[in-house]
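Please open the structure in your viewer and keep the sequence beside it. This tour goes from stop to stop, telling you what to select next and what is there.

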Amino acid sequence: MSSSPAAPARPRRRKGEGQWALGYREPLNANEQSKKDDNPLNVRARIENIYAHRGFESIDGGDLRGRFRWWGLYTQRKAGIDGGKTATLEPEELDDSYFMMRVRIDGGQLSLEQLRAIADVSVDFGRGSADVTDRQNIQFHWIDVRDVPTIWQRLESVGLSTQEACGDCPRVIMGSPVAGVSADELIDGRPAIDAIESRYIGDQAFSNLPRKFKTAISGHPGHDVVPQINDVAFVGAVHPEHGPGFDVWVGGGLSTNPHLALRLGAWVPLDEVPEVWEGVVSIFRDYGYRRLRSRARLKFLVQDWGIEKFREVLETKYLGRPLIDLDAPAVPDTPVDHVGVHRQVDGRFYVGAATTVGRISGPLLQRLADVVEAHGSARVALTPMQKIVVLDVEEDRVESLVAALAELGLHARPSQWRQHTMACTGIEYCKLAIVNTKDRAAALIDELEQRVPELDTPITVNVNGCPNSCARIQTADIGLKGQLVLNEDGQQVEGFQVHLGGALGLDAGFGRKLRAHKVTGDELPDYVEKLSRTYLANREDGESFAA
Ligand code: SF4
């Protein structure tokens, strides 16, 4: 018996990725639909005219869960729920009527007036909450929508903003905390940051991107804005013929599918940085993948195209001219964090001090402003390593300032543990969190300072509350990803999946995920102590932990 021939396979239609430039303009998911329905920046008028008067219950669901982000507002986690229980709740059950509000501080530097405005908003509207993020933002919690217009008024009166601090748009532009004063700086990137901020932030042509877009611009050669993990980075570099300018990197990012940025191999002068930035962000807007949010970052496009095609499209379609080639400049061993006392180019000093995992407060910032002013300085800077730098200090005031900062818990000569441990927001406020990060990391530092005070070289410990990577776990010596784990009695408790051996800088790479290495929160001090002692006992000359 002969069987009938199989029907020829139907050619499968390739599903589009939602790339606008290829004609896929119809929204392929709810997020894209929401952005198409109404440009998210328009939500400000509704906050000012409706929600601030009628309160939380009046907020439209699409605005609440989506568009509010474009003005730096996320609903915060409902207070008092522990990690084990919240893991089983639906997102809407986690909503509370308060918000996290993120203030973008482009370039990271703050005048005293701006510092005081932030401190006062925290005290008056945020129950004193304020965290320094690892992208030079400040985050308040406990914000009531009724207070938002007043908060904007206060912040904007001193030149600060929450516009596009979150959402699928160009986020805060990171800049060297010591721009304009560092003796090591090759070029001051602040004019480019200011130009991008004033030309493009809030421009509706760039407020509907596939997802967030992260920028870093620094003329410091020490990678002090972690350029390797940004969507686009401009890093100070000297061209042998053209002089100081910027080396351009694209396509970096962490989260659940990390990639290091790649060099375009191009040199860009300071005054052309905004135009090249516009070209890169336009490629992301036009060609970025919009179908799946998990693929909607520039890094996926860069990986799929390759860096040569990316540069070619940038030059031919967006700039209309070739860029100037640049050979690879030197990369520092590890990113500089500016902690300690450093002489400025003008003979004065800057003093970098470690916070404890970015947790500060409004009252502390008020006292900091007083201390800074009393020591003759008029400005500070936040760093991508959750540190605070006081700028422009006369030599004879330095030691008094160092002592006064220490009284505030800001240490210019911290232990290695305090200097190199970071933590994300965690379960206290973040709705995606599975575990507590800030308290656990702070307690870990205290323990390790007692147990391993002899540590004389950096071991970076980064603590995340979930599989996202707000605290950059993949690039830490010891990366701790929050999850529920089983304790020795078989009960589910807060714990961490361990990633070991990540780094940024010269030997940049992602830590290895050790499947067998899961520790409970309570075991954490023992675990890190054991690792560090093993390293100290076995290291050879100058060998780093990651090696
Ligand atoms: Fe929240 Fe996860 Fe980011 Fe931490 S890493 S702030 S828990 S989303």
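**Before you start**

This is a predicted model, in which local features need pLDDT of at least 70 and side-chain atom pairs count only at pLDDT 80 or more, while totals for chains, interfaces and linings use all residues. Residues are numbered from 1 along each chain as its sequence is written, and side-chain values use heavy atoms, with hydrogens and water left out.

**Stop 1: helix 10 and what surrounds it**

Select helix 10 (298-305); helices (H or I, at least four residues) and strands (E, at least two) are DSSP runs, numbered from the N terminus. Six of the eight residues of helix 10 are buried, where buried means under 20% relative accessible area, exposed over 50% and partly exposed in between, with a 1.4 Å probe and protein chains only. To see the buried ones, highlight Leu298, Lys299, Phe300, Leu301, Val302 and Trp305. These buried residues pack against strand 7, strand 9 (243-250), strand 10 (262-268), helix 9 and helix 11, contact being taken as heavy atoms within 4.5 Å.

**Stop 2: helix 9 against helix 11**

On the helix 9 side, the contact is made by Glu275, Val276, Gly279, Val280, Ser282, Ile283, Asp286 and Tyr287, and on the helix 11 side by Phe310, Val313, Leu314, Lys317, Tyr318 and Leu319. Sorted by class, this contact has nine nonpolar, two polar and three charged residues; Ala, Val, Leu, Ile, Met, Phe, Trp, Tyr, Cys and Pro count as nonpolar, Asp, Glu, Lys and Arg as charged, and the others, Gly among them, as polar.

**Stop 3: salt bridges**

How many salt bridges does a search of the whole structure find? The search finds 43, a salt bridge being a side-chain nitrogen of Lys or Arg within 4 Å of a carboxyl oxygen of Asp or Glu.

Begin with Asp168 and Arg293, whose closest N and O atoms are 3.0 Å apart in a salt bridge. Asp168 lies in the loop between helix 7 (148-156) and strand 6 (170-175), and Arg293 in the loop between helix 9 (273-287) and helix 10, so this pair ties together parts that are 125 residues apart in sequence. Asp168 is buried at 5% relative accessibility, whereas Arg293 is partly exposed at 24%.

Next, select Arg379 and Asp392, a salt bridge with its closest N and O atoms 2.6 Å apart. Because Arg379 lies in strand 15 (residues 379-382) and Asp392 in strand 16 (residues 387-393), the pair ties together parts that are 13 residues apart in sequence.

**Stop 4: the ligand**

Which residues are around the ligand? Select Cys424, Thr425, Cys430, Leu432, Ala433, Asn464, Gly465, Cys466, Asn468 and Cys470, where a residue counts as near a molecule if one of its heavy atoms lies within 4 Å of it. By class, this shell has six nonpolar, four polar and no charged residues.

**Stop 5**

Most residues other than glycine have a negative phi. His223, however, has a positive phi of about 50 degrees; look for His223 in the loop between strand 7 (213-218) and strand 8 (232-239), where its relative accessible area of 3% makes it buried. His338 also has a positive phi, near 65 degrees, and is found in the loop between strand 11 (324-325) and strand 12 (340-343), buried with a relative accessible area of 2%.

Finish at Leu514 in strand 21 (residues 512-520), a residue that counts as buried at 19% relative accessibility. Leaving aside neighbours within four places in sequence, Leu514 is in contact with Gln497, Val498 and Leu500.
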